Amino acid sequence: MIVRPYGDTTGDGMVQVSFTLPVPHDRRAEGAALQLAGKMGLDPAMVVHAKQMGTGFTFFVVYGRVSHLVDTDRVTVVERDFPLLAAKDVNAAVRSRLRRKLVVVGACIGTDAHTVGIDAILNIKGVAGEKGLEYYRELRVVNLGAQVPVPDLVRAAGAEKADAVLVSQVVTQRDAHLHNTREMSAAFREAFPAARRPLLVVGGPRFDEAMTGELGVDRIFGRGTTPREVASYLVHALIERKKAA
Amino acid sequence: MTAKLALDADQVARARELAAIAGAPVVELARSHTTVAVERATLRLAGLGGADPDGIPWVNRLVSAVVEQVGLEHGVSGPVFGALARGDSTDLVALAQRAAAGSVDFTVPAGKARTAAHRLGTRAVRDGLRTVDRRRAERERLVKRLGDPPQRPWIYLIVATGDIYEDIPQAQAAARAGADVIAVIRSTGQSLLDYVPEGATREGFAGTYATRENFRLMRAALDETSKELGRYVRLTNYASGLCMPEIAALAGLERLDMMLNDSMYGILFRDINPVRTFVDQRFSRQIHARAGIIINTGEDNYLTTADAVEAAHTVTVSQLLNEFFAHEAGLPDAQLGLGHAFEINPDVKDSFRLELAHALLARELFPDAPLKWMPPTKHMTGDVFRGNLLDGFFNLAGVLTGQSILLVGMMTEAVVTPWLSDRDIALQNVRYVLDSCGGLHEDFVPAPGGFVQKRAATVLAEAVTLLERITDEGLLSSIADGTFGIMKRPPDKGRGLDGVARRADDFWNPAVALLDGGAA
């Protein structure tokens, strides 16, 4: 389907952007904002708000029309390639197919101390009204918490006989989440023979879900992932893998 | 502010009494142990600074050398000042250098040597504490001359670029735009470094390293801006993590004004050993008390991991414990920036009324403490428009309940580190609320027996029940079984345990002696 942004009429192409230019506010500054909007493809563009901040900066809000078309058929996304299961179905699948508890080890690695992501997925409290993995009777969850060094995570995964390792990276700077994830996946590859390596799952708002190959992990979950999606994926991937083996 | 919640005075007294019972064994623990960080902080007060060519501070080198030879349990000051007194080196840096090369034999001095060592060590540390006293007097002079912020709450803004030279103009711009308190957030992970980096730093992750030189540079810059603005702009940093006592000492020496210093944050959120934390915490708070630094406690963090309604009483319990530990360490109410936060899920019915009840409860339990009111983070979704609205309600709750220090919420929380424009929009939000209804707390009187009063009473009752359980179980066991922030932290685990020792009978630390004795 071919679409354009929607303001209040189909096909009007209206968008709103805001930005700061490092200049004091005057007519020239507003002209500069319009010039930028034009280069961004807004035509016509309107500066609806301009406010000087301090001595040398101006904040702009610009509305305008873009002529670009987007083709939703040509968008590539990682579609969910596994069925979404209810908690009882997850438990039933693990009980009947795996015949033991499925072990999940989770951690925030590197310097990231923000456990909100991993806690939302693992803690019984969960997120958005959905209980976390600790709530699933047939899952055994070991949450190592924040700032876990990669060697400790590898050791814990071995000691707990983890089926899956979940790693969260929330706060990142200079692509630290990517470096950390590569380091983590390399360490697991080194420590475990391919057939015994736990499933590696990373999550966090800055990840691109399509980068699994590049980062050496089995699955990446982005913003808005729920515990149920993760649980369903684990069942799918681990039972699939078991079937294949 | 007059009492608006009709709290049961007996219950309030009972809560305080229980907090004291729960805290007493921990104080005893703190008084009977020392840590490498306490010993290093003592050497810093005695004037030892700088680092070796690899960047390892001399205090670390010297403490390690002493611990290797004679252990930590006697305190390092006896062996160190014993060596100086017998003429091994002319000063502490030279001694540290020689010790690092392995050419000093340390012993715990006895007899006359002991008297000489104690005299030398006491003099050196007393000089350091006098510098702290001078800095405090300097602050008092500047506040007198330039004045405090004209309004309450004080407006608290964070800068965090990683580069101190980038932070300085940002902090100055923030102050000109209305910030009364500037916090330079630390590099992620600094709390887990077992040393304090040296010098001015230009690289950090999601924050700037806390170093003595960075403290000095920022304080000097804000002094300039304070003069320009005609109000004293305060500077905040973080005394948490493995170097809590050292950072506290450096903050005192460089006239920082507020420090994050929570009794349990490091244990719960950084997995630092509980004993290490409590020992370090007591010492660091004694220094803050001396330096006139307002501490900020970290109760807001519990609500980011636990549910803000269900866990509301854990905030109250932690505030009461923080208050007990702070008083015990010599901090008066005026230096007690107890924390709490606006973190209830906005989709919960009556969430704002609940927030008001919780915020007012903190206000009335601690009427003389400069409470620190923290903005929403957990339910900031990336929808910046909704975020700005939520921050507006947060600001309104702060005004209605008479909060003292307001950390400015950013609509881009959880999206990016704040942009210049984010900060500007956030300050507009604060100013609108302060200007349009800054005095509204006078008119806000919750109905007797109404929703707000009932909720506050419930939270207080739950806090008392929890405190009863904690006094039964012991605070350390409660921390071990996940009472706070759902994190389970046993006392024999966690980082930094190997840097803790029970004090021997001949333990001696001049800073501990001077701070405990009260005289100097």
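Domain bounds here come from an automatic or database domain assignment. For chain A, that assignment gives domain 1 (2-72) and domain 2 (87-244), and their centres, taken over C-alpha atoms, are separated by 41 Å. This is a predicted model, in which local features need pLDDT of at least 70 and side-chain atom pairs count only at pLDDT 80 or more, while totals for chains, interfaces and linings use all residues. Residues are numbered from 1 along each chain as its sequence is written, chains are lettered from A and ligands numbered from 1 in the order in which they are written, and side-chain values use heavy atoms, with hydrogens and water left out.

Chain B is split as well, into domain 1 (33-126) and domain 2 (147-454). Here the centres, again over C-alpha atoms, sit 36 Å apart. Contact (heavy atoms within 4.5 Å) between these two domains takes 18 residues from domain 1 of chain B and 17 residues from domain 2 of chain B.

Helices (H or I, at least four residues) and strands (E, at least two) are DSSP runs, numbered from the N terminus. Axes are lines fitted to C-alpha atoms, for helices over the stretch in contact, and angles run from 0 to 180 degrees between N-to-C directions. Angles under 35 degrees count as roughly parallel, over 145 as roughly antiparallel, 65 to 115 as roughly perpendicular and the rest as oblique.

Helix α2 (residues 36-45) of chain B and helix α9 (residues 244-253) of chain B cross at roughly 20°, their axes coming within 7 Å, so α2(B) and α9(B) are roughly parallel to each other. By class, the contact of α2(B) with α9(B) has eight nonpolar, no polar and three charged residues; Ala, Val, Leu, Ile, Met, Phe, Trp, Tyr, Cys and Pro count as nonpolar, Asp, Glu, Lys and Arg as charged, and the others, Gly among them, as polar.

Helix α4 (residues 77-85) of chain B meets helix α6 (residues 111-146) of chain B at about 105°, with axes 8 Å apart; α4(B) and α6(B) are therefore roughly perpendicular to each other. Among the residues involved are Gly78(B) and Phe81(B) of α4(B) and Ala116(B) and Leu120(B) of α6(B). The contact of α4(B) with α6(B) counts seven nonpolar, three polar and no charged residues.

For helix α14 (residues 351-365) of chain B and helix α17 (residues 451-473) of chain B, the angle is about 60° and the axes are 8 Å apart, so α14(B) and α17(B) are oblique to each other. This crossing is right-handed.

Twelve aromatic pairs turn up over all chains. One of them, Phe342(B) with Trp373(B), is edge-to-face, at 6.1 Å centre to centre and 85° between the planes (rings of Phe, Tyr and Trp, its six-membered ring, pair if their centres lie within 6.5 Å; planes under 30 degrees apart count as stacked, over 60 as edge-to-face and the rest as tilted).

As for the backbone, the peptide bond from Asp43(A) to Pro44(A) is cis, with omega near 0°, and Pro44(A) belongs to strand β3 (residues 42-53) of chain A.

Methods: Left-handed = near helix turned anticlockwise from the far one by under 90°.
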